[in-house]
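Thanks for coming, everyone. Let me put the structure on the screen before I say anything about it.

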Amino acid sequence: MTRVIHTGDTHIGYAQYHSPVRRQDFLDAFAAVVDDAVDGDVDAVVHAGDLFHDRRPELADLMGTISVLRRLDDAGVPFLAVVGNHESTRGGQWLDLFERLGLATRLGDEPTVVGDAAFYGLDHVPVSRRDDLDYAFAAHDADYAALVAHGLFEPFGYADWDTEAVLAESDVDFDAMLLGDNHTPGVAEVNDTWVTYPGSTERASASETEGRGYNLVTFDADAAGGDDRVEIRRRALDTRPFVFVEVELREGEGAARVRERVRQHDLDDAVVLVSVTGDGDPVTPAAIEEFATEAGALIARVTDRREVETDAEVDVSFADPEDAVRERIEEMSLSEAARDVDEAVRAETLPDSNVRETVKGRVEERIDDLDAFDRGGAGGRGEESDAGGDSEGGDGDAGDDETDGDEDTADDEVIDDDADETDDEAVDGDTNADDEPTPETSATDGQVSMEDYL
Ligand SMILES: [Mn+2]
């Protein structure tokens, strides 16, 4: 029997809401998982990527991580890991540094055997380069085998990686795929293989409403997991409290009502996210945020979703303006990513206050796929990209390096800008916690080494 903790998406170094307290929370969550590993006497901790939130963790993040890993090492528990998209750098990985220090094992094509289970690793690979993968893994003679990988695998949300194909092409028969990247926990069975995400260990976005945790995975002939080989149990983590307050205002109600609803919750040291809908009087988000922090909240954010609803009502049906815009956009041969962003910005269903988050999310999803930022040639772009130029590499087959060739000037400029912003943020933004706009976008995704491709 072999029993491991499966965790991932730790995002150490993420100063969420520009808060140093939140930054510490992400490291603390990792320490909590490791404490459980030591106390629970597991055979290994398996980490499925995104240990760091960005590819340039600060010294404090690195030192904190090393102390935690050292604790694990002192207890004789191996740390087996792969590289995620957030922390990936072209010139070598942080994980290699930890391996050099004797604190980690970077999983790969060769088996790493712990007890009677063999572990293999598959780092995050951008969509455009997945066609080159051969899923060739060296044979093992253990009783069980697991593949640890970072990416969005089917059958879970936002999937762009075909799990059945991976399993079919792999020359090792895996009992389980222990995954990272999707921050929502989940378990599914795909062709007799258990496929699971433990989810992130701290809420890295406001959409991560449910409780955080990790997996306890047991490989055992008597495992109760349904196939007598693998058992997957979820363990909860005690993380920063998040309080979600939804206030629907009626006619005549306003800030007082919002404050009243906020007050009904335990705000102590919590991240408080208030969403205002309905009718009623205007409210000043900043004033309510201040009210919440004075009442003990660590951070408060108020989103008034009513502006857009009013806009939508004004939108009487002389149908053509939207159509005209759409038509013009199609003519513009925008990149897939640009069209994504345009869609988010113009969507009527999306409150203005959410546009930034949504755009950020969409760019994040795309950012490791340079092809998505390629401008389409005149015409033909529609079919190509909508059909999933992204998932099938439709427009990416020429290879990342060549694609720029034809349209270089425009593209290079765009790419350079991005890379610069990323750098600036990594250097100032995180430490100074100044303004939020574009820099934060880059901070979260930044890591994606655009500059590494140039
Ligand atoms: Mn992640």
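I will go through the annotated sites, one after another.

Please keep in mind that this is a predicted model, in which local features need pLDDT of at least 70 and side-chain atom pairs count only at pLDDT 80 or more, while totals for chains, interfaces and linings use all residues. Residues are numbered from 1 along each chain as its sequence is written.

In an unreviewed entry, UniProt places the feature "binding site" at Asp9, His11, Asp50 and His183. These residues are spread over 175 residues of sequence, and yet they cluster in space, with a largest C-alpha distance of 10.7 Å. UniProt positions follow the numbering used here, feature names are shortened, and annotations may be inferred rather than shown by experiment.

Where does aspartate 50 lie? It is in the loop between β2 (44–47) and α2 (59–74), where helices (H or I, at least four residues) and strands (E, at least two) are DSSP runs numbered from the N terminus. Aspartate 50 counts as buried because it has 29 C-beta neighbours inside 10 Å; the cut-off for buried is 20 or more other C-beta atoms within 10 Å, exposed means 12 or fewer, partly exposed is in between, and C-beta atoms are placed from the backbone.

Leaving aside neighbours within four places in sequence, aspartate 50 is in contact with several residues, among them Asp9, His11 and His86, contact meaning that the C-beta atoms, placed from the backbone, lie within 7 Å.

That brings us to His86, which UniProt, again in an unreviewed entry, gives as "active site". Histidine 86 sits in the loop between β3 (79–81) and α3 (94–100), and it is buried, with 28 C-beta neighbours inside 10 Å.

Conventions. Contact = placed C-beta atoms within 7 Å.
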